[in-house]
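Subject: Handing over a structure

Dear colleague,

I am passing a structure on to you, and I would be grateful if you could look through it before reading my notes, which follow directly below it.

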Amino acid sequence: MTHEHAPDTTDFLSQEFWDERYRSSTAVWSGNPNPRLVEQVADVTPGSALDVGSGEGADAIWLAARGWTVTGVDVSTVALDRAAARAAEAGADVADRTTWEQADILSWEPPARRFDLVSAHFMHLPGPAREALHRRLAEAVRPGGHLLIVGHHPSDLETSVGRPNVPDMLFTPEQVAAVLDRAEWEILVSAVPSRDARDPDGRPVTIHDTVLHAVRRA
C-alpha cells in the first residue's frame with residue numbers, strides 16, 4: 001500500500017495553503033452535499049445552521065435550499081467567494097439564507113448555544129486542536145439542537161486510498177463522543193459506515209467514515 005507523505009500541519013492549516021488550493025482549480029470538490037449530511041439531516045426540521053469548513057459551499061447551499069438559515073465558515077477567502085457566487089446562482093432564496101465568514105478555525109470561537117445544527121465534515125486537525133474545536137462546536141449548539149461531526153476513519157490508513165500518513169489527524173466516533181458531557185447530550189448515531197472509492201491508481205477500495213450525530217438535551 002502507499003500513503004501520502006505527512007504534511008507540514010502548520011502549512012496545511014493556514015489560509016495561504018487553502019487559498020492556493022482553491023485557486024488551483026475552478027472546482028476542488030464535486031459541488032454535491034456530503035452524503036452523510038444528507039443521510040443525517042434530511043428529516044431534521046430546518047432552523048439555524050453552522051457549517052464549519054464550508055469550502056465551496058455545497059453543504060450550506062443544500063441546507064439553505066431546504067429552508068435552513070446557514071452560516072458557512074472557512075479559512076479560505078477564495079473558497080468563501082466561490083461559495084457566495086454559487087449560492088447566488090442557486091437563487092435569491094438560497095443566497096438570502098446564507099452568510100459566509102472567514103475564520104482561523106484554530107482560534108475562532110462560535111457564539112455559544114446559538115445554532116439548531118452545527119455540522120463539520122472532514123475537518124482534520126492534530127488531536128488536541130481537534131478536541132478543542134469539537135468542544136467549541138458542541139458549545140455552539142442550543143438545547144434541542146444537533147451536532148454532526150464526520151471525518152475519515154483511521155482504518156483508511158490501512159488501504160491504498162492515499163490518506164496523509166498522520167494518524168493523529170484521523171479520528172473515531174468514540175473520540176468525538178468523549179468530549180461531550182453525556183448528561184447534556186444524547187448520541188443518536190455513532191457509526192463507521194463504509195463507501196466505495198478509487199485510490200490514486202484508479203483501483204477500487206473500500207473506505208470508512210467516522211459519523212457522530214448527537215442532540216443537546218433540552
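To begin with the record, UniProt lists residues 50-145 as "domain: Methyltransferase" in an unreviewed entry; UniProt positions are given in the numbering used here, feature names are shortened, and annotations may be inferred rather than shown by experiment. The end C-alpha atoms of that span lie 11 Å apart, and the span is 41% helix and 27% strand, where helices (H or I, at least four residues) and strands (E, at least two) are DSSP runs, numbered from the N terminus.

This is a predicted model, in which local features need pLDDT of at least 70 and side-chain atom pairs count only at pLDDT 80 or more, while totals for chains, interfaces and linings use all residues. Residues are numbered from 1 along each chain as its sequence is written, and side-chain values use heavy atoms, with hydrogens and water left out. The protein chain averages a pLDDT (the predictor's confidence in each residue, from 0 to 100) of 91, and 94% of the residues score at least 70. Over residues 1-8, however, the pLDDT is below 50, and beyond near neighbours in sequence this stretch has 21 contacts in the model, a contact being heavy atoms within 4.5 Å.

The largest pocket has a volume of about 1,400 Å³. For the search, a 1 Å grid is laid over the protein atoms alone, and a pocket is an open set of points where a 1.4 Å probe fits, with protein on both sides within 12 Å along at least five of seven lines; lining residues have an atom within 4 Å of a point. Grid points are joined across faces, edges and corners, and the volume is the space filled by probe spheres set on the points. The largest pocket is lined by 46 residues, of which Trp-18, Trp-29, His-121, Phe-122 and His-152 lie nearest its centre. Among the elements that give two or more residues to this lining are helix 3 (35-41) and helix 4 (58-65), but the largest share, three residues, comes from helix 2.

Helix 4 is largely enclosed by the rest of the structure, because seven of its eight residues are buried; buried means under 20% relative accessible area, exposed over 50%, and partly exposed in between (1.4 Å probe, protein chains only). Among the buried residues of helix 4 are Asp-59 and Trp-62.

Phe-122 is placed in the loop between strand 4 and helix 7 and has a positive phi of about 60° although it is not a glycine. Most residues other than glycine have a negative phi.

Finally, Arg-203 is found in the loop between strand 7 (194-198) and strand 8 (204-216), and its relative accessible area of 42% makes it partly exposed. Its side chain forms polar contacts with the side chains of Asp-199, at 2.7 Å, and Asp-201, at 3.3 Å; a polar contact is a pair of N or O atoms within 3.5 Å, and within protein one must be able to donate a hydrogen and the other to accept it, while residues adjacent in sequence count only if both atoms are side-chain atoms.

With best wishes
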